[in-house]
Amino acid sequence: MNYNKKSVEDVDVRGKRVLCRCDFNVPTKEGKITSDKRIVAALPTINYLREHGARVILCSHMGKPKNGFDPALSLQVVAQRLSELLGAEVKMSKDVAGEDSKRLAAELKDGEVMLLENTRFEKGETKNDPALSKALADLADLFVNDAFGSAHRAHSSTAGVAEHLPAVCGYLIAKEVGIMGKALADPERPFVAILGGAKVSDKLNVINNLLEKVDTLIIGGGMAYTFLAAKGYSVGSSLLDNEKIDYCREMMQKAEQKGVKLLLPIDTVVAKAFPDPIDGPIEVHTVAADAIPADCMGLDIGEKTRELFAAAAKSAKTVVWNGPMGVFENPVLAKGTIAVAQALADSEAVTIVGGGDSAAACEQLGFADRITHISTGGGASLEFLEGLELPGIACLQDK
Ligand code: ADP
Ligand code: MG
């Protein structure tokens, strides 16, 4: 995939009607937005467009409406919050690309902003229906995609519309593609990837692809136990993907052939049972990775592993991290994840965090502002690390 895409700054937007796909998929509770982070993140692109005299038509999906219009998933709350943040009225249309949208779009003046209703109120959206793509395109002269979190989906508002309009990216996608694209295509070395999270099977293709690129691959979290099993260790009642043991063996061989250093836990924090509730009290002790008792499960990396992983991360010039090192939701089992987050925060390297839970962990633990880039898209950033072509990015004009 070509990562060098035109952005809003590379085209003339003045006086043009610009359809801008944002990620306004914000969490709500009882009709109120509980975090406006995604709306705030969209402001640089929206403000650029306004300041340069564009007529801005915003769109986004929110949640998963099943049968057309659903008042609980209306973007009206987003229009309100956005109006406050911009200090300017954001007109809200009653439909996605119908009569009301057409009328409001036609009335827009330079620098004004409107928002279409939740794109998924149209059944065609997730099917990338050509008629919906065309109707959306007919509202505008230019398409700007700034919804990285949806860029791995080929939907009408993320990709289909670009068949009919010149298409460029906004600042959010430009940043994601710039930093992650550079890391994957032309990283400063040593390049270290740290993978964790619950299961090997979630990240099979990521492991495989990263082995082609990195100097060191570190595996922690729940997925490490399948690798330990592949080494012939018994892992007690730890999380284990029985069907993936051979795959892990293959990956260990591949690492050896490629001269990639593969680091696995050398010690692990174990308990008799998974914490219930997840953040409840729990009794733990630390054992060597090849000495997990049969009646115990590994729930975090041990102290020696924390030092090993942190040292490897600190020696890097580029670090990509996806997936927590343990059950970080529990303070007793968060030490491995904290150690990795701390190592990244202390490092001079380009540090990139992708994946919903790892990003949340960085933020909760207070390291976010010392990481070069925290990806805004969980699924999208995983597909990026897999080396897949993301439809919402592939459809944009090359520089
Ligand atoms: P991300 O969203 O960053 O890609 P994942 O969704 O793959 O990460 O995994 C996150 C989950 O993995 C967390 O809920 C965490 O509790 C769990 N996890 C991490 N280590 C273990 C472990 N040793 N055993 C069970 N679950 C684990
Ligand atoms: Mg997750």
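Visitor: What makes you say that domain 1 and domain 2 are in contact?

Guide: In this predicted model, 5 residues of domain 1 are in contact with 10 residues of domain 2. The cut-off is heavy atoms within 4.5 Å, so these residues count as being in contact.

Visitor: How much area is buried between domain 1 and domain 2?

Guide: About 580 Å², with carbon and sulfur atoms giving 63% of that. On the domain 1 side, three residues stand out: K37, F148 and H152 supply 77% of the area that domain 1 buries against domain 2, more than any other three residues.

Visitor: Why is the pair E363 and K37 called a salt bridge?

Guide: Let's set the value against the rule. The closest N and O atoms of E363 and K37 are 3.2 Å apart. The rule asks for a Lys or Arg side-chain nitrogen within 4 Å of a carboxyl oxygen of Asp or Glu, so this Lys and Glu pair qualifies.

Visitor: How many salt bridges and polar contacts cross the interface of domain 1 and domain 2?

Guide: The rule finds 1 salt bridge there, and 1 residue pair in polar contact. As for the side of domain 1 that touches domain 2, its residues divide into 1 nonpolar, 2 polar and 2 charged.

Visitor: How many salt bridges does the structure hold?

Guide: It holds 20. One of them joins R81 and D36, with the closest N and O atoms 2.8 Å apart. That value is within 4 Å, so the Arg and Asp pair passes. This pair links distant parts of the chain: R81 is in helix α2 (residues 76–86) and D36 in the loop between β3 and α1 (37–51), 45 residues apart.

Visitor: What makes β11 and β17 edge strands?

Guide: Picture the sheet to begin with: 6 strands in the order β11-β10-β9-β15-β16-β17, open, with parallel pairing. β11 (261–263) and β17 (373–374) each pair on one side only.

Visitor: How do you know that β10 and β11 pair?

Guide: Strand β10 (residues 216–219) and β11 share 3 bridges in the parallel sense. At least two bridges are needed, so they count as a pair.

Methods. Residues numbered from 1 in each chain as written. Chains lettered and ligands numbered in written order. Predicted model: local features only at pLDDT ≥ 70, side-chain atom pairs only at ≥ 80, totals over all residues. Heavy atoms only, no water. Buried area = accessible area lost by both parts, 1.4 Å probe. Polar contact = N/O pair within 3.5 Å; in protein donor to acceptor, adjacent residues only side chain to side chain. Nonpolar A, V, L, I, M, F, W, Y, C, P; charged D, E, K, R; others polar. Helix = DSSP H or I, 4+ residues; strand = E, 2+ residues; numbered from the N terminus.
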